[in-house]
Structure formats: structure tokens, C-alpha cells
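Have the viewer open and follow along.

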Amino acid sequence: MTDIILLSDPRVAATRVTDNGEPLVDAREFGALRVDPRQTDHDGSYAHLRADVLRRLLLAQEALPPGIRLLMVEGFRPPALQRRYFDEYAATLRAAHPDAGPDRIRELASAYISPPEVAPHVSGGAVDLTLCTDDGGELPLGTEVNATPEESAGGCRTGALNVDADARANRAALGRAMTAAGFVNYPTEWWHWSHGDRYWALLTRASAAKYGPASLSPTTA
């Protein structure tokens, strides 16, 4: 079994970034891609992605079987929000593992929430998504998007065996389409895919990440 590289791995932080300046674009403006409102925020950050990431998502959607579409849940995440998510989950883990030191808590937290300094969502290169039918009905993928390892008994892992055959088949279809479009998956979260960020660069052995931390300008929002 291949070891999972967590986002807390020093190799991720050590990956060079040469940001190409690509803008964030609003996926809601492209009717071909469904954007779910469950992560709606005040400025629409959740619906934004780097332009080439959105282009690749549309390519991935074209590679899915007939009648199946991508359902985007969250894209860009502002750094302050990422920090809040990480700190809140780390606090939960400290309460559950009082004997664990800071490094262990960081490692455990990184299996579910990325450390803010290397977070793929902060770059605009990551997307959380699932699959749906043409009319928007979600397909079964074994757990809810953003299910924690604790509440899903590890079912959130992409290769989890404690999900049924339909869920495994749907995860495989999603994986084939997203991989063909140039994305990499974070193996502890079946719904999380990225392109151009540090994690992608490390896994694909690119010379550098294409996207560093992004920001949503007033003209973009």
C-alpha cells in the first residue's frame, strides 16, 4: 500500500511556487458546471477558481458517463477562513488526544484540514466536488462531502473499503475523469482535487507550483 503524503509533510511546504498570475473566475457564470450553494459565503469566494482549473473541470465533466455531472461544492477559500477551520479542528483533536504533542496534532489535523500556509484551497487551485444527475440529484459516494474521519469511520478516504459498491464505482468514475483532466486527489478526502498548487506540484514532480495564495479582488467578487 502506498503511503499517503499529508499536507503537513515538509516536502509540501518546501515545494517552490512560481505564481503565474492567473485570475480567479466565478464558476457560477458558466452554466455548464453546477455550483452547489451549501458553502455560500458573503463574497462568493467559494464559487471561484483559477481560470485554468475551471477549464479543466469542464473537461473532466465531458469525460463522465452520460447523465452524470460534476457538482462543485467549494473552490477558493480565503486564508483567514482556512486558519479558522484548521484551528477549530485542531482544538477538537487536542481534546480527544490530550497526550498528543503539537506535531502529532498538526499531523492528525492535516489528514482532514490543510495547514493554512500550504492549503490548496487558498491558492484557488483546489475544488471540493461530488457527482450528480442532470437534474441535480446527488449520487452516492459513501459519505457526505466534508465528512470527518471520525464521523465516517475513515470512509472519507478515497480508497476506503467501508463504502458500498455503488459508492466505489462512483468514486472511480470521478477519479478517472479528474485525473484525465490533470487533477490530483488528496487521498484522505474523496471529494478534494487540485491542480497547480504545491500538493499537485509535489505529486506530479512539476518544477514548481503554478499557484500561490490568491485573493478575491473587489472587481472579481
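Start with α2, where Asp52, Val53, Leu54, Arg56, Leu57, Ala60 and Gln61 are all buried. Keep in mind that this is a predicted model. An α-helix has 3.6 residues a turn, so residues three or four places apart point the same way. With that in your head, look again at Val53, Leu57, Ala60 and Gln61, which are among the buried residues of α2. The helix itself covers residues 51–62, twelve residues in total. From first C-alpha to last, α2 reaches 17 Å, close to the 16 Å expected at 1.5 Å a residue.

Hop over to α6 next. This helix has 16 residues and reaches 23 Å between its end C-alphas, close to the 22 Å expected at 1.5 Å a residue. Its buried residues are Ala167, Asn170, Arg171, Ala173, Leu174, Gly175, Ala177 and Met178. Among the elements covering them you'll find α2 again, plus β4, β5 and β7 (192–194).

Now for a loop. Ile113 lies between α4 (102–110) and α5 (120–123). Is Ile113 buried or exposed? Its relative accessibility is 10%, so it counts as buried, the cut-off being under 20%. Leaving out residues up to four places away in sequence, Ile113 touches Gln82, Tyr85, Phe86, Tyr89 and Glu189. Glu189 is 76 residues away from Ile113 in sequence, yet their C-alphas are 9.8 Å apart in space.

Zoom out to the whole chain. Residues 24 or more positions apart make up 71% of the contacts with a separation of 6 or more. The protein has seven helices and seven strands, and from the N terminus they run α-β-β-β-α-β-α-α-α-β-α-β-β-α.

As for overall dimensions, the C-alpha trace spans about 50 × 45 × 35 Å along its principal axes. The radius of gyration is 17 Å, which agrees with the value near 17 Å for a compact globule because the rule is applied to 221 residues. Of those 221 residues, 49% count as buried.

Last stop, the surface and the charges. The protein exposes about 10,400 Å², with carbon and sulfur atoms supplying 54% of it. There are 22 positive and 29 negative charges, and their mean positions are 5 Å apart.

Key: Residues numbered from 1 in each chain as written. Predicted model: local features only at pLDDT ≥ 70, side-chain atom pairs only at ≥ 80, totals over all residues. Heavy atoms only, no water. Helix = DSSP H or I, 4+ residues; strand = E, 2+ residues; numbered from the N terminus. Rg over C-alpha atoms; globule rule 2.2 N^0.38 Å. Buried < 20%, exposed > 50% of the residue type's maximum accessible area, 1.4 Å probe, protein only. Contact = heavy atoms within 4.5 Å. Areas by Shrake-Rupley, 256 points an atom, 1.4 Å probe, with all protein chains shown as cover. Lys, Arg positive; Asp, Glu negative; His and termini not counted. Charge placed at Lys NZ, Arg CZ, Asp CG, Glu CD. Expected span 1.5 Å × (residues − 1).
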